[in-house]
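Have a look at the model first.

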Amino acid sequence: MTTASGRPVGPVGGFPAARPRRLRRSPALRRLVADVRVSPSDLVLPVFVKEGLDAPAPITSMPGVVQHSRDSLRKAAAEAASAGVGGLILFGIPASKDARGSQADDPTGVVQSALADVVAEVGDALVVMSDLCLDEYTDHGHCGLLTAEGEVDNDATLERYASIALAQARAGSQVIAPSGMMDGQVAAIRGALDAQGFSALPILSYSTKYASAFYGPFREAAECAPQFGDRAAYQQDGSRSAAEGVREALLDIAEGADAVMVKPALAYLDVLRAVADAVDVPVAAYQVSGEYAMVEAAAAQGWVDRQRIIIEQLVGIRRAGASMIFTYWATEAAAWLR
Ligand code: PBG
């Protein structure tokens, strides 16, 4: 048999022609041969809780996401758990901020109270994680303490992180997730936790985190935009090769990280693949606020198929090597992925 142009179709030189389409003919065949799947239990829902709110407050740049009150947070946690979501990660927004971020390790601070609420609500139905950073708590909006010259002071910040880790551990956090990109932060936190009887508490490190414009909407959500400068002196530079991302992950594992993360996801899938190939611990990817906002904005215009584009991205992140995905769509997507 030949095509109209005379090119042979079918057995050529004794071999059958390749027909990859055979396995795509029906939904049942496609489902049978699929080998990249995302399960609800792979998803982690980031949630914001703001001190003093008595009703949830919408976040303009993240339609569908809110700053929770303590009550609405409990409800959202219960919904995520019953959807089968694997975990949630808590971000707190305190009523008052200062240069040291004092509310971050205050035992009565917003995250500590909310952690206790959520753990009481969902127990072990999903994993309750706490983001550990200072930017939501400092009046200058940087992720650490500042020197007199206005630089972020790495080693002074480590002492704050160690203290915050203990406050979160005492409030019931089930995974500590440091996101501040200070050198040595995992070792400092591990040391403090071990010394105070929390040697069984895991650390999921935001090991490989890039200075990114994709965090824009988060800074509205968490009210943490830097008041001067940017985070480029501590977060990674995307113009470096993926090897630097791998190095950061390996350093954190050597310091005691139980799992690592690549963040953002979409623009760093090559880094995600490189990290996943290089390490033997679970690798998380964080689909960040800007990734969420872009899809929601386009979908609201009717320009993209919202559900399909969300699933396609989650599958892509999984295919690139993520064993868990932090996503603001976790609860909704869990229902589609069951
Ligand atoms: C820092 C932190 C940020 C995000 C998570 N943790 C913001 C930043 O580094 O500026 C961003 C998450 C998102 O954009 O969804 N505490």
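What follows covers the ligand, its contacts and the cavity around it.

This is a predicted model, so local features need pLDDT of at least 70 and side-chain atom pairs count only at pLDDT 80 or more, while totals for chains, interfaces and linings use all residues. Residues are numbered from 1 along each chain as its sequence is written, and side-chain values use heavy atoms, with hydrogens and water left out.

**Around the ligand**
- There are 18 residues around the ligand, and Arg-219, Gln-235, Lys-263, Ser-289 and Tyr-328 come nearest (near means a heavy atom within 4 Å).
- By class, that shell has eight nonpolar, three polar and seven charged residues (Ala, Val, Leu, Ile, Met, Phe, Trp, Tyr, Cys and Pro count as nonpolar, Asp, Glu, Lys and Arg as charged, the others, Gly among them, as polar).

**Atom pairs and cover**
- The side chain of Arg-219 has an N or O atom 2.6 Å from a ligand oxygen, and for Lys-209 that distance to a ligand oxygen is 2.8 Å.
- A ligand nitrogen lies 3.2 Å from a side-chain N or O atom of Lys-263.
- The protein covers 100% of the 410 Å² of accessible area that the ligand has on its own (Shrake-Rupley method, 1.4 Å probe).

**The cavity**
- The ligand takes up the space of the largest cavity (on a 1 Å grid over the protein atoms alone, a set of points where a 1.4 Å probe fits but cannot get out; lining residues have an atom within 4 Å of a point).
- This cavity's volume is about 150 Å³.
- Its lining has 19 residues, with Asp-135, Lys-209, Tyr-215, Phe-218 and Lys-263 closest to the centre.

Definitions and conventions: Polar contact = N/O pair within 3.5 Å; in protein donor to acceptor, adjacent residues only side chain to side chain. 1 Å grid on protein atoms, 1.4 Å probe; cavity = no way out; pocket = protein on both sides within 12 Å on 5 of 7 lines; lining within 4 Å. Sits in = over half its atoms within 2 Å of the grid points. Points joined across faces, edges and corners; volume = space filled by probe spheres on them.
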